[in-house]
Amino acid sequence: MVCFTYVARVTDGLMLVASMDSASTSRNLEQHKQDGKQLIRQLNTTSPHQCTIESGEYWFHYIIEGLVVYLALTAKSYPKRLAYLYLTDLKSKFQRHVQLEHGDRWESFLNTIDRPYAFIKFDKEIQRLRREYGDPNSRQSMSKLNSDLQEVQSIMKKNIQDVLGRGERLAQAAETSSNLVHESKRFSKGARRLNLMHFYKTYGPIAALVLVVLGLLYFRFFM
């Protein structure tokens, strides 16, 4: 099932409409709701336009189209293909809804609106969609999956801990490792230079003496 759905403006994270399943009001999903909002705030127009993000026993799925991001949380047992069919259907219906309300200026309206949850009336359509896609084993869902040719294997997958910046220590460790490699290379070059200087200092006088003796012998016997 689809636990909850967010539709937001991708440029600044402004929430346009949110829809919750009645079971999603339980405390165990509160953190996921906050994570979903934080995730949306971190997205921008250069983010991957489709992505699946692991969050404990659930998946966040989102698609970005123009100025809008459509995000849903589902259980891991819910088929990914069906989740993306749901988001695609949601996107089409939301765009049609905004176009009916604002005509040719609908994109401009989405770009300039500053009131959160301005499309709360659209929640009724989202609830209808959630019921339609609720049971992945229903005949309707199976028909949708059989007629869909979308390949979801290539869609980027991430982990919510990394996306929300809770892996700072991993990033710091990677940076430290990079610095250690750089310092190691510098040390290696310095060590080779010192070894070369030590070689010249140790064997340079002997080599010079040998050259002098050879020179004297040459002048004595061949000149």
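**Close-up views of the predicted model**

**View 1. Helix α1 (residues 30-42) in the predicted model.** The 13 residues of α1 should span 18 Å at 1.5 Å a residue, and this agrees with the 19 Å that separates its end C-alpha atoms. Buried positions in α1 are His32, Lys33, Asp35, Gly36, Leu39 and Ile40. These residues lie on the same side of α1, because they cover an arc of only 160 degrees around its axis.

**View 2. The largest nonpolar core, with 28 residues.** Within this core, Leu16, Phe94 and Phe119 have the most contacts. Two or more residues each are given by β1 (2-9), β2 (15-20), β5 (68-75), α2 (80-102), α3 (106-112) and α4 (123-132). Helix α2 supplies the largest share, nine residues. In soluble globular proteins, nonpolar side chains tend to be buried together.

**View 3. Surroundings of Phe119.** Leaving aside residues up to four places away in sequence, Phe119 touches Leu16, Val17, Phe94, His97, Val98, Glu101, His102, Phe109 and Leu110. Two of these partners, Leu16 and Phe94, are named together with Phe119 as the core residues with the most contacts.

**View 4. A second, separate core of 22 residues.** Among its members are Phe4, Leu43, Tyr58 and Leu71.

View 5. Confidence is highest in β5, at 96, and lowest in helix α7 (residues 168-222), at a mean of 60. Across residues 167-171 the pLDDT falls below 50, and this stretch has two contacts in the model beyond near neighbours in sequence.

How values were computed
Residues are numbered from 1 along each chain as its sequence is written. This is a predicted model: local features need pLDDT of at least 70, side-chain atom pairs count only at pLDDT 80 or more; totals for chains, interfaces and linings use all residues. Side-chain values use heavy atoms; hydrogens and water are left out. A nonpolar core is a set of buried Ala, Val, Leu, Ile, Met, Phe, Trp, Tyr and Cys residues joined through side-chain atoms within 4.5 Å. Buried means under 20% relative accessible area, exposed over 50%, partly exposed in between (1.4 Å probe, protein chains only). Helices (H or I, at least four residues) and strands (E, at least two) are DSSP runs, numbered from the N terminus. Contact means heavy atoms within 4.5 Å. pLDDT is the predictor's confidence in each residue, from 0 to 100. The expected span of a helix is 1.5 Å times one less than its number of residues. The arc is that of the directions from the helix axis to the C-beta atoms.
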